[in-house]
Amino acid sequence: MSALFNFQSLLLVILLVICTCTYIRAVAPRLVDRNKEGFMGLFFMSARIGERLSPYVALACVAMAVTMLVQ
C-alpha cells in the first residue's frame with residue numbers, strides 16, 4: 001500500500017522528512033537555508049519544525065517506533 005493511503009505510513013514519512021531535514025541543516029546549513037521558497041522550501045520548513053519542536057518530534061519518533069515494534 002502506498003504511504004498516501006495508509007495514515008500510519010504517511011505519519012512515518014513526515015517524521016522521517018522532519019528528522020532528515022533537521023539533521024542536514026545541523027551538518028550543512030547552507031544546503032537547506034538557500035531554498036526558502038517553492039517546493040524546496042518544504043525542506044526548510046521541515047528543518048524549522050524539527051528545530052523548534054524537537055522534544056515533541058522525538059516523542060513522536062519514539063511513539064512511532066513502539067507502534068511499529070508492537071505490530
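Helices (H or I, at least four residues) and strands (E, at least two) are DSSP runs, numbered from the N terminus. This is a predicted model, in which local features need pLDDT of at least 70, side-chain atom pairs count only at pLDDT 80 or more, and totals for chains, interfaces and linings use all residues. Residues are numbered from 1 along each chain as its sequence is written, and side-chain values use heavy atoms, with hydrogens and water left out.

View 1. Read along the sequence, the pattern of the protein chain is α-α-α-α. The C-alpha trace spans about 40 × 25 × 15 Å along its principal axes. Of the 71 residues in the protein chain, 18% are buried; buried means under 20% relative accessible area, exposed over 50%, and partly exposed in between (1.4 Å probe, protein chains only).

**View 2. Phe-44 in helix H3.** Phe-44 counts as buried because its relative accessibility is 12%. Ile-18 lies 26 residues from Phe-44 in sequence, and the two are 9.4 Å apart in space, C-alpha to C-alpha.

**View 3. Helix H1 and its two sides.** The 21 residues of H1 should span 30 Å at 1.5 Å a residue, and the end C-alpha atoms are 30 Å apart, which agrees. The expected span is 1.5 Å times one less than the number of residues in the helix. The buried residues of H1 fall within an arc of 135 degrees when seen down the helix axis, so they line one face of the helix. This arc is that of the directions from the helix axis to the C-beta atoms. Buried in H1 are Leu-15, Ile-18, Cys-21, Thr-22 and Arg-25. Tyr-23 and Val-27 are exposed on the other side of H1.

**View 4. Ser-9 in helix H1.** With a relative accessible area of 24%, Ser-9 is partly exposed. Ser-9 and Met-64 are separated by 55 residues in sequence, and their C-alpha atoms are 9.8 Å apart in space.

**View 5. The largest pocket, with about 180 Å³ of space.** Rolling a probe the size of a water molecule over the atoms shows where empty space is left. On a 1 Å grid over the protein atoms alone, a cavity is a set of points where a 1.4 Å probe fits but cannot get out, and a pocket is an open set with protein on both sides within 12 Å along at least five of seven lines; lining residues have an atom within 4 Å of a point. Grid points are joined across faces, edges and corners, and the volume is the space filled by probe spheres set on the points. The lining consists of Leu-10, Val-13, Ile-14, Val-17, Ile-18, Phe-39, Leu-42, Phe-43, Ser-46 and Ile-49. Helix H1 (7-27) and helix H3 (41-52) each supply at least two of the lining residues, and the largest share, five residues, comes from H1. By class, the lining has nine nonpolar, one polar and no charged residues. Ala, Val, Leu, Ile, Met, Phe, Trp, Tyr, Cys and Pro count as nonpolar, Asp, Glu, Lys and Arg as charged, and the others, Gly among them, as polar.

**View 6. Cysteines in a structure with zero disulfides.** A disulfide is a pair of cysteine sulfur atoms within 2.5 Å. The closest cysteine sulfur to that of Cys-19 is in Cys-61, at 3.5 Å, too far for a bond. Cys-19 is partly exposed, with a relative accessible area of 31%. For Cys-21, the closest cysteine sulfur is in Cys-19, at 9.5 Å, which is also too far for a bond. Cys-21 is buried, with a relative accessible area of 7%.
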